[in-house]
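Here are my notes on the model you sent. Please read them with the structure open.

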Amino acid sequence: MFTGAAVLLGVSAGQAQAAEVSYATKCVPPSGIGLPDVNGTTKVDITAPATAEVGDTVDIVWKFTQAASKNPDIIDLPANSVQPSGTLKAAGAQSADIAMQGPRENPAIPKGGAMTLSDMKGTLKLTAAGQVTLTPDAYVVNALSTDTKCAPTEAVQPAVTITVTAGGGGSGSGSGSPSTSTSPDPSQSQSQSPSPSTSTSGTPGTSPSASATGGGGGQTDFTGKVVDIPYTCASPIGEKKATSPIQINAKKNGGSYDLTVEFKKSVMDSPIDIPAGKVKPTMQIVLGGADTGSVTVEGPLNAATIPQGTPIEIPDLKGVYKPGATGDSTLSPGVLTIEAMGTKTVCTPDSTAVSLTLNTAEQASGASGGSGSSSSSGGAASTSGGLAETGSGDHGALKALGLVAGTAILLGGAVFTFMPGRRTR
């Protein structure tokens, strides 16, 4: 899945040298996406100074001139969604694992298209006179929060050799990075995405719900109880678990109720810039007690770009509940669906709990026994839950993909994930 780039930032005394080496490679896509391992050939162009002195810190650049595989035919990768990292082996006069990493910069990559990675760069402080060889080793391609791990399946030949002289022992490199470089475990993701939420639900499914009881005394506004709902989210490339605190509120409107569902916790930052109008959430509220069936609530498409590194939150989801029975009817969070950038992630509660109980009066064509939501404006429920372009939440999101605990959006060997999020108030 990968391609890359390379550039030498200034070095010490010697002229820059560049050489290409190729080696058999096995790349392992993220687990759970159903893609086979890829066995191919990686061609790498390494740039480093030809000569330097002990004490110099030299700059090194790794460029992929041939990727081991293409982007799988799962989803288009958006611009600036892919980041490479890897390890370069130094041997000879000194031994070291040099950490190499590129920025998350890439053009949009279509399904089946050649992977294009940014330049990977690293530094090495020279500590001994003699010949120091540089050999490419394992690398990782992180795409929207998922890792594809690649490693050589044969002995790799050194790409370049630096002739190191005793010199004066001073720092001759313009890099200004005096520390020796050590490589991170290439199996570790270089993504900036945080870990999935560790919040745990109390005893979901066992507590009756909020004290609010509608229908009597002229009350019109009913506030639900916050309940922790554990989800298993299935996406195009796998599944993940996430827990989110959720609250269902209602406002009586004639014989029906305008519903608002709030997700109380954001569990993940966006791994990339998400354009406006590309993310939309929809959820089923499960009816119980006197009534049966479900009500669809949905949120608006995100109105603004969600910058990389900022929390992805699920906005308020709205819909209309028309009772189909008379008596105490309960409302509990159900299946959450996130559509975004051409993919759909479906999050199913492992267990649920009642957030709100309403004393309802049966209405003609009410909810009992089926989907009780009728379409309404302004992001209210619709039984179809259709989207404009693709989407998944605006202020928040449930991530699973990989996938990031909760809901997810995955791309080939890469993944973008959403999870139930807490609203920032």
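This is a predicted model: local features need pLDDT of at least 70, side-chain atom pairs count only at pLDDT 80 or more; totals for chains, interfaces and linings use all residues.

1. Strand 14 covers residues 256-263. Strand 14 and strand 17 run antiparallel, and 5 bridges join them.

2. Strand 17 spans residues 317-321. Of its 5 residues, 4 are buried, so strand 17 is largely enclosed by the rest of the structure. As background, side chains in a regular strand alternate between the two faces of the sheet.

3. Next, S294. This serine sits in strand 16, which covers residues 293-298. Is S294 buried or exposed? Its relative accessible area is 19%. The cut-off for buried is under 20%, so S294 counts as buried.

4. The side chain of S294 also has a polar partner. That partner is the side chain of Q284, at 3.2 Å.

5. The chain has 425 residues, and buried residues make up 54% of them.

6. Contacts along the sequence deserve a look too. Take the contacts with a separation of 6 or more: 75% of them are between residues 24 or more positions apart.

7. Last, the surface. The protein chain has an accessible surface of about 15,800 Å². Carbon and sulfur atoms account for 49% of that surface.

Methods: Residues are numbered from 1 along each chain as its sequence is written. Side-chain values use heavy atoms; hydrogens and water are left out. Buried means under 20% relative accessible area, exposed over 50%, partly exposed in between (1.4 Å probe, protein chains only). Helices (H or I, at least four residues) and strands (E, at least two) are DSSP runs, numbered from the N terminus. Two strands pair if DSSP finds at least two bridges between them. Contact means heavy atoms within 4.5 Å. Accessible areas come from the Shrake-Rupley method with a 1.4 Å probe; for residues, only the protein chains shown count as cover. A polar contact is a pair of N or O atoms within 3.5 Å; within protein, one must be able to donate a hydrogen and the other to accept it, and residues adjacent in sequence count only if both atoms are side-chain atoms.
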